Amino acid sequence: MAPTPTPTLGPSGIDQPSPAKLLRTARLFASDPALPSLMDPDEEESRWVELDSSPELQIWLLSWPAGTHNSWHDHGESAGAFQVVSGTLLEQTSRKHRWEFRTLIAGEGRSFEENHLHHLANVRAGTALSVHVYAPRLTTTTRYEITPTGLQSTAAGNPRMDY
Ligand SMILES: [Fe+2]
(Lines give C-alpha, C1' and ligand atoms only; values in the text may rest on other atoms or scores of the structure.)
Protein backbone atom coordinates (compact mmCIF):
# COMPACT_ATOMS: atom_id res chain seq x y z
CA MET A 1 0.00 0.00 0.00
CA ALA A 2 1.41 3.36 -1.04
CA PRO A 3 1.98 5.88 1.73
CA THR A 4 -0.50 8.71 2.00
CA PRO A 5 1.07 11.97 0.85
CA THR A 6 1.67 14.47 3.61
CA PRO A 7 -0.51 17.55 3.14
CA THR A 8 1.47 20.67 2.43
CA LEU A 9 0.59 24.21 3.38
CA GLY A 10 2.81 25.66 0.67
CA PRO A 11 5.39 28.36 1.24
CA SER A 12 5.33 29.86 4.69
CA GLY A 13 5.36 33.42 3.41
CA ILE A 14 7.60 34.43 6.28
CA ASP A 15 9.98 36.25 3.93
CA GLN A 16 7.19 38.08 2.10
CA PRO A 17 4.22 38.24 4.44
CA SER A 18 0.92 39.40 2.99
CA PRO A 19 -0.70 42.60 4.30
CA ALA A 20 -3.22 40.40 6.14
CA LYS A 21 -0.38 38.61 7.95
CA LEU A 22 1.18 41.95 8.81
CA LEU A 23 -2.08 43.08 10.37
CA ARG A 24 -2.29 39.86 12.42
CA THR A 25 1.27 40.52 13.59
CA ALA A 26 0.39 44.08 14.54
CA ARG A 27 -2.64 42.82 16.48
CA LEU A 28 -0.52 40.25 18.29
CA PHE A 29 2.04 42.82 19.41
CA ALA A 30 -0.71 45.34 20.24
CA SER A 31 -2.22 42.86 22.71
CA ASP A 32 0.78 43.15 25.05
CA PRO A 33 -0.53 44.90 28.19
CA ALA A 34 2.97 46.21 28.96
CA LEU A 35 3.05 48.54 25.92
CA PRO A 36 1.87 51.72 27.72
CA SER A 37 4.76 51.38 30.17
CA LEU A 38 7.21 51.83 27.28
CA MET A 39 6.09 55.42 26.68
CA ASP A 40 6.20 58.55 28.85
CA PRO A 41 2.56 59.63 29.32
CA ASP A 42 3.67 63.26 29.81
CA GLU A 43 5.60 63.45 26.54
CA GLU A 44 4.30 66.17 24.19
CA GLU A 45 5.89 64.92 20.96
CA SER A 46 5.32 61.74 19.02
CA ARG A 47 7.81 59.00 19.90
CA TRP A 48 8.61 55.50 18.69
CA VAL A 49 10.11 52.39 20.23
CA GLU A 50 11.29 49.47 18.15
CA LEU A 51 9.63 46.32 19.49
CA ASP A 52 11.30 43.88 17.12
CA SER A 53 13.31 44.01 13.95
CA SER A 54 14.94 41.94 11.24
CA PRO A 55 15.83 42.70 7.61
CA GLU A 56 12.42 41.30 6.64
CA LEU A 57 10.26 42.83 9.35
CA GLN A 58 10.15 45.89 11.57
CA ILE A 59 7.71 46.47 14.42
CA TRP A 60 7.32 49.80 16.18
CA LEU A 61 5.24 51.17 19.01
CA LEU A 62 4.31 54.80 18.37
CA SER A 63 2.90 57.39 20.72
CA TRP A 64 0.72 60.23 19.45
CA PRO A 65 0.05 62.94 22.02
CA ALA A 66 -3.03 65.05 21.25
CA GLY A 67 -2.51 67.18 18.17
CA THR A 68 0.50 65.31 16.80
CA HIS A 69 0.68 64.09 13.23
CA ASN A 70 3.22 63.04 10.64
CA SER A 71 3.84 64.28 7.11
CA TRP A 72 2.24 62.88 3.99
CA HIS A 73 4.53 60.00 3.08
CA ASP A 74 4.81 56.67 1.35
CA HIS A 75 6.65 53.59 2.59
CA GLY A 76 8.77 52.83 -0.46
CA GLU A 77 8.80 49.14 -1.22
CA SER A 78 7.49 48.16 2.20
CA ALA A 79 4.01 46.84 2.80
CA GLY A 80 2.68 47.43 6.27
CA ALA A 81 -0.06 47.45 8.85
CA PHE A 82 -0.93 49.35 11.97
CA GLN A 83 -3.16 48.65 14.93
CA VAL A 84 -4.43 51.25 17.39
CA VAL A 85 -3.68 50.18 20.96
CA SER A 86 -5.36 53.10 22.74
CA GLY A 87 -6.89 56.40 21.75
CA THR A 88 -7.93 57.31 18.23
CA LEU A 89 -6.02 57.94 15.01
CA LEU A 90 -7.24 59.62 11.86
CA GLU A 91 -5.75 58.33 8.61
CA GLN A 92 -6.04 60.43 5.48
CA THR A 93 -5.40 58.92 2.06
CA SER A 94 -6.00 60.03 -1.49
CA ARG A 95 -7.58 57.96 -4.22
CA LYS A 96 -8.10 59.29 -7.72
CA HIS A 97 -8.01 62.92 -6.53
CA ARG A 98 -10.53 62.22 -3.75
CA TRP A 99 -9.61 62.52 -0.10
CA GLU A 100 -10.51 59.58 2.10
CA PHE A 101 -10.60 59.64 5.90
CA ARG A 102 -10.56 56.70 8.26
CA THR A 103 -11.00 56.99 12.00
CA LEU A 104 -9.45 54.06 13.82
CA ILE A 105 -10.14 53.52 17.51
CA ALA A 106 -8.46 51.20 19.98
CA GLY A 107 -8.68 47.64 18.69
CA GLU A 108 -8.90 48.66 15.03
CA GLY A 109 -6.19 48.54 12.42
CA ARG A 110 -5.53 48.24 8.73
CA SER A 111 -2.93 46.93 6.36
CA PHE A 112 -1.56 48.29 3.12
CA GLU A 113 0.45 47.28 0.10
CA GLU A 114 3.77 48.78 -0.90
CA ASN A 115 3.79 52.44 -1.98
CA HIS A 116 0.82 53.24 0.23
CA LEU A 117 0.61 57.00 0.70
CA HIS A 118 -1.02 58.46 3.80
CA HIS A 119 -1.00 60.91 6.68
CA LEU A 120 -1.76 60.03 10.31
CA ALA A 121 -2.90 62.30 13.11
CA ASN A 122 -4.30 62.20 16.61
CA VAL A 123 -7.07 64.77 16.50
CA ARG A 124 -8.60 63.75 19.82
CA ALA A 125 -7.73 64.53 23.43
CA GLY A 126 -5.27 62.22 25.13
CA THR A 127 -2.34 60.26 23.81
CA ALA A 128 -2.91 57.46 21.29
CA LEU A 129 -0.66 54.42 21.00
CA SER A 130 -0.32 52.28 17.88
CA VAL A 131 1.75 49.33 16.69
CA HIS A 132 3.17 49.55 13.15
CA VAL A 133 4.61 46.67 11.14
CA TYR A 134 6.62 47.01 7.93
CA ALA A 135 7.91 44.32 5.58
CA PRO A 136 10.60 44.59 4.53
CA ARG A 137 11.81 47.09 7.11
CA LEU A 138 11.47 50.75 6.16
CA THR A 139 14.55 51.91 4.32
CA THR A 140 13.22 54.63 2.04
CA THR A 141 10.20 56.88 2.25
CA THR A 142 9.12 59.90 0.24
CA ARG A 143 7.32 62.96 1.53
CA TYR A 144 4.46 64.67 -0.28
CA GLU A 145 2.68 67.99 -0.14
CA ILE A 146 -0.81 68.97 -1.13
CA THR A 147 -0.82 71.09 -4.29
CA PRO A 148 -3.66 72.40 -6.47
CA THR A 149 -3.16 69.37 -8.72
CA GLY A 150 -3.00 66.84 -5.92
CA LEU A 151 -0.23 65.29 -3.89
CA GLN A 152 3.26 65.93 -5.22
CA SER A 153 6.44 64.30 -3.96
CA THR A 154 8.70 66.90 -2.42
CA ALA A 155 11.67 65.19 -0.85
CA ALA A 156 13.21 61.99 0.28
CA GLY A 157 11.65 61.12 3.59
CA ASN A 158 13.12 59.99 6.86
CA PRO A 159 12.05 56.46 7.83
CA ARG A 160 12.56 57.48 11.47
CA MET A 161 9.87 60.14 11.13
CA ASP A 162 7.63 58.99 8.28
CA TYR A 163 6.02 55.97 9.87
FE1 LIG B 1 2.99 55.52 7.28
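1. Let's start with the overall make-up. In this predicted model, the protein chain contains one helix and 11 strands.

2. The C-alpha atoms of the protein chain fill a box of roughly 70 × 40 × 25 Å along the principal axes. The protein chain has 163 residues, and 31% of them count as buried. Taking contacts between residues at least 6 apart in sequence, 72% join residues at least 24 apart.

3. Now to the sheet. Strands of a sheet pair through backbone hydrogen bonds, either parallel or antiparallel. Here, five strands make an open sheet with antiparallel pairing, and their order is β1-β2-β9-β4-β7. At the edges sit β1 (47-53) and β7 (109-112), each of which pairs on one side only. On average, neighbouring strands of this sheet are turned by 20° against each other, direction ignored.

4. Strand β2 covers residues 58-64 and strand β9 covers residues 128-135; the two run antiparallel and are joined by seven bridges.

5. Finally, where does helix α1 pack? Helix α1 (residues 19-30) packs on the sheet. The strands that helix α1 touches are β1, β2, β4 (79-86), β7 and β9. The direction of helix α1 makes about 30° with that of β4.

Note on methods:
Residues numbered from 1 in each chain as written. Predicted model: local features only at pLDDT ≥ 70, side-chain atom pairs only at ≥ 80, totals over all residues. Pairing = 2+ DSSP bridges. Helix = DSSP H or I, 4+ residues; strand = E, 2+ residues; numbered from the N terminus. Axes fitted to C-alpha atoms, helices over the stretch in contact; angles between N-to-C directions. Contact = placed C-beta atoms within 7 Å. Buried ≥ 20, exposed ≤ 12 C-beta atoms within 10 Å, placed from the backbone.
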